[in-house]
Structures are given as structure tokens and as C-alpha cells.
Amino acid sequence: MASIIQKTKNNRTTVVYLNNDETSPLFVHDYGYHKTEPNHTFGPAIRPYFLIHLIASGKGTFEKAGVKTPLSAGDAFIIRPGEVTVYSADKNDPWEYYWISFSGVWAETVMRKTTTESCVKAKKGGLMSLIDA
């Protein structure tokens, strides 16, 4: 079972790092929340794990393989291991998002059965309904 090894929090960001048994078929590395500053950019970066961001409010862009996708509240973007990505908050309406990173031998199977898309647009009653509950 995972245990918290570090938790950091300030007025804009909360990050929880977990100590996992990396032999587990599916495990969470970290999860958190970030209220970004205008024009905040992360990347280009490559990660060795899956990373899902769920946008709670605001807007920004996600870029992969030279394709920029505008996203806003209720949308999600998915980063797969080995992908080069950049994501940036809007200058006038910067986003707030939640994220979770995970890996393990089941991670690829779970994601392949869930979606092959990098960006998932909001649908009524979609992922945001889990946060609003």
C-alpha cells in the first residue's frame, strides 16, 4: 500500500508524492492541484509515466508533435511515457488543474482501453462532475 512521503502546499499548488511498491501492476507516483499564473508554461518535457491533467477552470493550450490544442474547464489532457509535450496557461484566463501520474505494467492496458486521444473535451456530466460532487 502506498504511503505519503512528501506533501507540499502553498496558495497556488498542492503536490502529494507517494512511496509505492513499484512491483505493483498499477501505482500512483504523485497527484496534485495547480492554480497557474498567466502564461505559465511547462515543457518541453518527457516523462517516464502516464500523466493526466483535468482542467477545473480557465484555459490554455496543450502541444504534442507540433499540434497545439486549446483546452478549457472540464477538458483533460493525457501525456504518455516518452512523449515530448508543452502546456501553457492562457494570459488572460489561466487554468487551474488537478493531475495524477501513474505507471506499472497495467498502466498501458488501462490507458489503451480508456482512450488513445491526447486531449479529451468536456461532456455534460463528465470528469468535472467527479470534482463537483
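Analyst: Like charges are joined within 9 Å, nonpolar side chains (Val, Leu, Ile, Met, Phe, Trp, Tyr) within 5 Å. The model is predicted: local features need pLDDT of at least 70, side-chain atom pairs count only at 80 or more, and totals for chains, interfaces and linings use all residues. Residues are numbered from 1 along each chain as its sequence is written, and side-chain values use heavy atoms, without hydrogens or water.

User: Which residues form the nonpolar patch on the surface?

Analyst: L26, V105, W106 and V110. Together they have about 410 Å² of accessible area (Shrake-Rupley method, 1.4 Å probe, only the protein chains shown as cover).

User: Why is V105 called exposed?

Analyst: Exposed means over 50% relative accessible area, buried under 20%, partly exposed in between (1.4 Å probe, protein chains only). V105 has 68%, so V105 counts as exposed. V105 lies in the loop between β10 and α1 (107-114).

User: What makes a set of residues a nonpolar core?

Analyst: Its members are buried Ala, Val, Leu, Ile, Met, Phe, Trp, Tyr and Cys, joined through side-chain atoms within 4.5 Å. The largest such core here has 11 residues, among them L51, F62, L71, Y87 and W99. β5 (50-57), β8 (76-79), β9 (84-89) and β10 (96-103) each give two or more residues to this core. Apart from it lies another core of 5 residues, including F50 and M111. In the protein, buried residues make up 37% of 133.

User: How many helices and strands are there?

Analyst: 2 helices and 11 strands. Both are DSSP runs numbered from the N terminus: helices are H or I, at least four residues, and strands are E, at least two.

User: How do you know that β6 and β7 pair?

Analyst: Two strands pair if DSSP finds at least two bridges between them. β6 and β7 have 6 bridges, so they pair, in the antiparallel sense. G60 stands opposite L71 in β7. Their hairpin has 2 residues between the strands, and A65 takes a positive phi near 55° there. β6 (residues 59-64) is also joined to β9 by 5 bridges, again antiparallel. K64 has T85 as its bridge partner in β9.

User: Why are β4 and β7 called edge strands?

Analyst: The open sheet has 4 strands in the order β4-β9-β6-β7, with antiparallel pairing. β4 (41-46) and β7 (67-72) each pair on one side only.

Key: Patch = residues over 30% accessible without salt bridge, like charges linked within 9 Å, V, L, I, M, F, W, Y side chains within 5 Å. Salt bridge = Lys/Arg side-chain N within 4 Å of Asp/Glu carboxyl O.
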